[in-house]
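Keep the viewer open as you read.

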Amino acid sequence: MRVRIAPSPTGDPHVGTAYIALFNLAFARAHGGTFVLRIEDTDQKRSTAASEAAILRSLHWCGLLWDEGPDIGGPFGPYRQSERAEIYRVHAQILLDRGTAYRCFCSQERLDALRASQRAAGEDWRYDGHCRALDPKLASARAEAGEPSVVRLAMPLDGETVVADVLRGEVRTENARVDDQVLLKTDGLPTYHLANVVDDHLMEISHVIRAEEWISSTPKHLQLYAAFGWQPPVFCHMPLLRNADRSKISKRKNPTSLEFYERSGILPEALLNFLGTLGWSMPDPTVDVFGLQDFVAHFDLARVSLGGPVFDWERLMHLNGVWLRRLGPSALASRAAAYHRDGEREAAIAALIAERVPSLGDWHHHAAPFFGAEVPLAAEGRHLVIGSASRKKNAVRLDAAGSAAFLEAVIAGLEAMPAWQAAGIEATLRAVVGTAGIAAGDGFMAVRVAVVGRSAAPGLFETLEVIGKALVLVRLRRAVAFVQEPSALQGELARLEAEAQALRAALGQAFPTPDNAHTEVSA
RNA sequence: GGCCCCAUCGUCUAGUGGUUAGGACAUCGGUCUUUCAAGCCGACGACGCGGGUUCAAUUCCCGCUGGGGUCACCA
């Protein structure tokens with residue numbers, strides 16, 4: 001048996017990728033099969049080498065190791081779709097020759113107009129088959145003459161396609177509802193649908209275990225297998241990980257980057273254990289702490305449950321604590337040391353905090369904000385809504401109402417940054433502060449407290465660079481939630497007031513003055 | 001909106017045609033402890049609604065409701 005994980009290198013390594021990889025790996029290991037990693041980088045505009053490298057690195061960190069892949073090769077390579085363009089072209093030609101695909105010369109404008117009119121008429125969007133009737137010989141002559149075209153799948157016009165899903169049984173779709181999918185783009189590269197089917201076949205993938213979002217395009221895939229005359233693999237669509245509001249997991253509402261979990265100090269063992277409890281459980285349901293070995297030993301695809309599981313940070317943290325304790329003191333110490341000791345980064349931190357560290361003993365205090373998922377917000381939370389304590393006359397001050405919007409704008413700006421270094425961060429922050437029209441000091445202070453949790457810290461831009469994008473963005477999002485939930489600050493205020501009162505009373509007893517002695521008496 | 005998928009405590013889940021519906025996180029109590037955690041003990045807390053089928057439905061069927069996904073020359 002052969003399974004695969006096929007991430008697209010278009011962004012940060014995603015926790016959903018790890019989730020699906022885990023189940024594929026477990027399936028392969030449980031059945032003595034092979035787990036393949038394939039990079040689906042056919043989107044030239046969005047794919048980057050940096051993203052691919054990050055995905056490989058993060059999967060390694062998780063301990064989700066593949067048997068064949070672009071880095072280690074294998075008998076079915078290349079494992080990077082951008083290196084297989086010729087294969088897809090040849091296969092598209094096969095379909096063209098058989099008449100199960102056709103060239104389409106429709107312009108983007110025509111497609112847009114078509115879509116608009118269909119929408120106006122309240123119909124489903126579907127390609128109208130305009131080019132389907134073209135004479136294939138004429139069409140190929142036009143293409144050879146250099147006219148831009150795509151290749152579309154000629155879906156059967158009637159009948160239905162039945163997907164036999166391992167977990168859901170037969171899912172039926174009327175062919176007439178399925179669009180003539182573009183298989184080969186104008187740039188000559190395939191779309192997901194073609195590349196995926198061709199590769200899964202050529203790489204002899206026996207079981208496709210992927211996320212539920214793919215289920216509605218599976219009929220297209222089945223039609224492709226049929227058009228090639230190939231035996232389709234077994235399909236299994238896993239439930240989608242969810243945000244707390246039950247929408248598909250997204251970085252806006254959850255930390256989704258694996259780098260975030262790594263940098264947060266989550267143990268990969270705990271992360272895998274946690275992911276393994278989402279939509280899956282041990283045959284003995286009282287066992288909820290299990291490692292990859294146990295997971296594999298008891299793995300059964302049929303035990304997957306289909307309700308979309310909410311990704312619950314609290315539960316992950318609990319499991320992390322369990323795994324940490326399980327390590328025992330000496331292993332824990334070395335894991336913690338390894339976590340804190342990470343080459344370049346450590347030197348960068350040292351450079352930033354050096355002038356604030358009077359002795360080695362103060363090191364950890366100043367380095368602390370560079371580690372961990374969360375930063376205390378309540379203590380300095382007032383700065384999030386009032387900005388810097390220093391006042392410049394005539395400057396527009398930050399206020400509570402504008403704070404969340406400002407921080408959201410900061411998030412959007414930082415998120416869009418292609419590179420992550422101090423100069424760019426500064427430019428972005430200054431731009432956002434300018435747009436918001438608030439005093440720079442206020443804006444920077446709000447960001448500082450949101451990300452560092454302290455109002456006294458090293459230079460903001462350099463600090464953000466070293467903390468890292470994944471952690472910075474998640475901390476900023478948590479700060480937004482914090483300022484939108486005023487009870488957090490109010491609670492802290494009430495607590496501080498109560499404490500102050502108690503202290504005052506104690507002081508009054510210890511050092512009575514006419515004034516507070518009087519207070520005591522009257523109280 | 002069309003099509004498709006899904007539905008047990010707030011959350012992750014187990015489960016069966018007849019169970020006191022089990023476990024875990026969170027929450028709340030208690031206990032241990034110099035503190036805080038951790039640990040231990042306990043409490044709270046669920047079968048979405050309506051029809052069927054059946055001696056019996058949380059479990060099987062249908063409808064509804066709710067949630068989600070998908071409708072690209074992105075994957």
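Helix axes here are lines fitted to C-alpha atoms over the stretch in contact, and angles run from 0 to 180 degrees between N-to-C directions. The helices themselves (H or I, at least four residues) and the strands (E, at least two) are DSSP runs, numbered from the N terminus. What you're looking at is a predicted model, where local features need pLDDT of at least 70 and side-chain atom pairs count only at pLDDT 80 or more, while totals for chains, interfaces and linings use all residues. Residues are numbered from 1 along each chain as its sequence is written, chains are lettered from A and ligands numbered from 1 in the order in which they are written, and side-chain values use heavy atoms, with hydrogens and water left out.

Start with helix α9, residues 268–276, which packs against α11 at an angle of about 135°, the two axes being 9 Å apart. Angles under 35 degrees count as roughly parallel, over 145 as roughly antiparallel, 65 to 115 as roughly perpendicular and the rest as oblique, so α9 and α11 are oblique to each other. On the α9 side, Glu269, Ala270, Leu271, Asn273 and Phe274 meet Arg315, Leu316, Leu319, Asn320 and Trp323 of α11, where contact means heavy atoms within 4.5 Å. By class, that contact of α9 with α11 splits into six nonpolar, two polar and two charged residues. Here Ala, Val, Leu, Ile, Met, Phe, Trp, Tyr, Cys and Pro count as nonpolar, Asp, Glu, Lys and Arg as charged, and the others, Gly among them, as polar.

α9 has another partner: helix α1 (residues 15–30), whose axis comes within 10 Å of that of α9 and crosses at roughly 75°. The pair α1 and α9 is therefore roughly perpendicular. Val15, Ala18, Tyr19, Leu22 and Phe23 of α1 touch Leu272, Leu275 and Gly276 of α9. This contact of α1 with α9 has seven nonpolar residues, one polar and no charged.

Now hop along to helix α17 (residues 422–436) and helix α19 (residues 460–467), whose axes come within 8 Å and cross at roughly 120°. That makes α17 oblique to α19, and α17 passes α19 in a right-handed crossing. Ala422, Ile425, Glu426, Leu429 and Arg430 of α17 meet Leu460, Phe461, Glu462, Leu464 and Glu465 of α19.

So what surrounds RNA strand B? There are 51 residues around RNA strand B, with Trp125, Arg168, Arg177, Thr186 and Gly279 the closest; a residue is near if one of its heavy atoms lies within 4 Å. Sugar and phosphate make up 85% of the atoms of RNA strand B that come within 4 Å of the protein. By class, the surface near RNA strand B has 15 nonpolar, 15 polar and 21 charged residues. α11 turns up again here, giving the largest share of that surface, four residues.

Methods:
A crossing is left-handed if the near helix is turned anticlockwise from the far one by less than a right angle, and right-handed if clockwise.
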